[in-house]
Amino acid sequence: MTLSEACRKAADSVLMPKALLEYKSYLQKQPPPCLAMERATSNEPEEEEGSEPALTEEEITAAVDAWARGVTALPKPWQPQKPVLPVEGMRNVLITSALPYVNNVPHLGNIIGCVLSADTFARYCRLRNWNTLYVCGTDEYGTATETKAVEEGLTPQEICNKYNTIHADIYRWFDISFDYFGRTTTPYQTTIAQDIFQRLLARGFLLQDTVEQLQCEDCQRFLADRFVEGTCPFCSYEEARGDQCDKCGKLINAVELKNPQCKLCRGVPVVKPTQHLFLDLPKLEEQLEPWLEQSWATGDWTANARYITRSWIRDGLKPRCITRDLKWGTPVPLDGFRDKVFYVWFDAPIGYLSITANYTDQWERWWKNPQQVELYNFMAKDNVPFHSVIFPCSLLGADDNYTLVNHLIATEYLNYEDGKFSKSRGVGVFGDMAKDTGIPADIWRFYLLYLRPEGQDSTFSWSDLMLKNNSELLNNLGNFINRAGMFVCKFFGGTVPDMVLTPDDKRLLARVTLELHQYHQLLEKVRIRDALRCILSISRHGNQYIQVNEPWKRIKGDEKDRQRAGTVTGVAVNMASMLAVMLQPYMPSVSLAIQGQLCIPPDCFVLSHNFTCTLPPGHRVGTVSPLFQKLEHDQIEALRKRFGGGQAKQTPPASVTVMAPGDPQLIQELTEEVAKQGNHVRQLKANKAEKAQVDAEVAKLLELKKQLALAEGKSPEVLVPKGKRKK
């Protein structure tokens, strides 16, 4: 070791605390930064650079070769047998979304956080010919069900039956492609949960202790954690639940709450002792940590899932109570505790296994087969600890070769306008209301996935929904696909014409291929929102291609011009065909409509990494019609007020009415908005405002510029702000 190396080592040992060294080691294990051609992840509109990455001759040649191979370059679509079971030699993907609690109706944030995100990925997996099983169901045990039953004058089972049907209907309307949607109130749930419990007990991973618990004397019952509210002992949030604080995220024992109240009667509960069983997490930690390191190294865990899990371990694991003094739940099969049931967060994740068991009696081929199965868990971030620590500890301790999560995908939160969703206050759109808005399910899917809170919280906005529908769907994606199909019908009698590729056409093939590769790279990492941008980027390329080449003019010219019109039309309609496949995970009904209009052969409905000519010369298309309808300002304002609750009295945010490209009124309005926002940004910079505030206002400016470009019929690409341009 040289003198300088020795000095450096000594300095590091003094200046760098252990935690920082661990963090540095963690960062070194992370993937390198994305390439220049890849888009950075952001919840804000992207700051696109004025020039695209240069294409190499190799990329152009490879794209042309793939195009020429046509359908022979595509893999044959594979349909699994029913029931879907792991297949030797195939990629077997098991997907779960967090089980929605049965006593309420899911709002848009619940839907995007769990079932819709998982559905999009499941559809993508199937298009890749991966052997995929997607299961979910309602979580039905616990005090919340008992209380809801009392409120509605029904038995707990009747409440479960009622709301299971409501959930199933909502997900059916949103076109969620479960292989099986079940529930936790089944004999299999009891059998499997009690077996895991007995195995943990036999291996010494359960503790018995007397705990103090809140009892409501007015209700004459011990109160489940979620039916106690009070002030958080950590951050002083006044509406903390008895199990977790929604503000600081820390887990709480109900007796630690300050000023506790019974949520059922608003009485003040008293503390009384009761015997309970605990999962010995400290004893299981020596098994948990090496498994986590291995799963993090080989799997795709979202950054928030890793951070939350590390925080739990850093703070030190403590024994976790797994029983409750309730009637409605899975019975505890142990003398002295037979009047108790399992706590929902011990019991509920086992529902994934029991729901699969209700789907197929060969469920163990999925859940006791880690050698062949990859498990993806989808959830919102508040569910992470139960899926990354408590449930894996239960399965590790049971020691029965269980399949543990490989990829834990957690979203941040979706907010509503300027606040939160609230059923009681009538704020926000809930699943059973969406179909009554007159807006098709695929539009809801698109918008929720467009603003999916992948890296930070995002906000549903009616104005933005209108903007994205009218610009990205109607004027961009729908406009391109409709024009491509209409040109085939109008100019070539419904038959795809011959194509003679020019150098410009070949560069377009390569450019589209790069976007397709990026789409795959992002979806393989479950960056669902970012991959959607690739679809919209391809359709923008297609619109620009048509606009520059003007086939409607060339078709009236000489033989050379007519040939050029045919080539442009043929390439464009093949781009539309590929977009139909790429779009299927996001907007399945629209994808099916495109497939029908263009008569895309079923064998072409599979995803490859190449842009190929799937609609060759001579292929006949069907009747082409518009895919999307414009959302009107008055319609959106009416919906905003309808779902605004207390917010309806507030002045709604200013919105821009989106009209067809070239509309002078729209261009004038957007020009004024751009100028106004530009002045606002300059003023903030002059006043040395906080960087986060400046960045947010710059993002708004970029979005306005993009909309202005669309209105003017230009490319919506927006140059990066001054000072950020590459040299």
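Trainee: What should I know about the conventions before reading the model?

Mentor: The model is predicted, so local features need pLDDT of at least 70 and side-chain atom pairs count only at pLDDT 80 or more, while totals for chains, interfaces and linings use all residues. Residues are numbered from 1 along each chain as its sequence is written, and side-chain values use heavy atoms, with hydrogens and water left out.

Trainee: In which order do the 5 strands of the open sheet stand, and is the pairing parallel or antiparallel?

Mentor: Strands of a sheet pair through backbone hydrogen bonds, either parallel or antiparallel. Here the order is S3-S2-S1-S13-S14 and the pairing is parallel, where strands (E, at least two residues) and helices (H or I, at least four) are DSSP runs numbered from the N terminus, and two strands pair if DSSP finds at least two bridges between them. Strand S3 (180–183) and strand S14 (407–411) stand at the edges, each with a single partner strand, so one side of each has no neighbour in the sheet. Neighbouring strands are turned by 20° against each other on average, direction ignored, with axes taken as lines fitted to C-alpha atoms, for helices over the stretch in contact, and angles running from 0 to 180 degrees between N-to-C directions.

Trainee: How many bridges join the strands, and which residues are partners?

Mentor: Strand S1 (residues 92–97) is joined to strand S13 (residues 373–380) by 6 bridges, and Thr96 stands opposite Asn377 in S13. S1 and S2 pair over 5 bridges, with Tyr134 in S2 as the bridge partner of Ile95, whereas S2 and S3 pair over 4 bridges, with Gly182 in S3 as the partner of Gly137.

Trainee: Is S2 buried or exposed?

Mentor: In a regular strand the side chains alternate between the two faces of the sheet. In S2, 8 of the 8 residues are buried, so the strand is largely enclosed by the rest of the structure; buried means under 20% relative accessible area, exposed over 50% and partly exposed in between, with a 1.4 Å probe and protein chains only. Asn131, Leu133, Val135 and Gly137 lie on one side, and Thr132, Tyr134, Cys136 and Thr138 on the other. Helix H12 (residues 350–359) lies across S1, S2 and S3, running at about 110° to S2.

Trainee: At what angle do H18 and H21 pack?

Mentor: Helix H18 (residues 503–524) and helix H21 (residues 559–583) pack at about 5°, with their axes 12 Å apart. That makes H18 roughly parallel to H21, a label for angles under 35 degrees. Among the H18 residues that meet H21 are Leu509 and Val512, and those on the H21 side include Val571 and Met575, where contact means heavy atoms within 4.5 Å.

Trainee: How many disulfides are there?

Mentor: A disulfide is a pair of cysteine sulfur atoms within 2.5 Å, and by this rule the count is 0. The sulfur of Cys114 is 7.6 Å from the closest cysteine sulfur, in Cys136, too far for a bond, and Cys114 is buried at 12% relative accessibility. For Cys613 the closest cysteine sulfur, in Cys604, is 9.4 Å away, again too far for a bond, and Cys613 is buried at 9%.

Trainee: Where is Ser422?

Mentor: Ser422 is in the loop between strand S15 (414–416) and helix H15 (431–434). With a relative accessible area of 10%, Ser422 is buried, and, leaving aside its neighbours within four places in sequence, Ser422 is in contact with Val427 and Phe430.

Methods:
Parallel < 35°, antiparallel > 145°, perpendicular 65-115°, else oblique.
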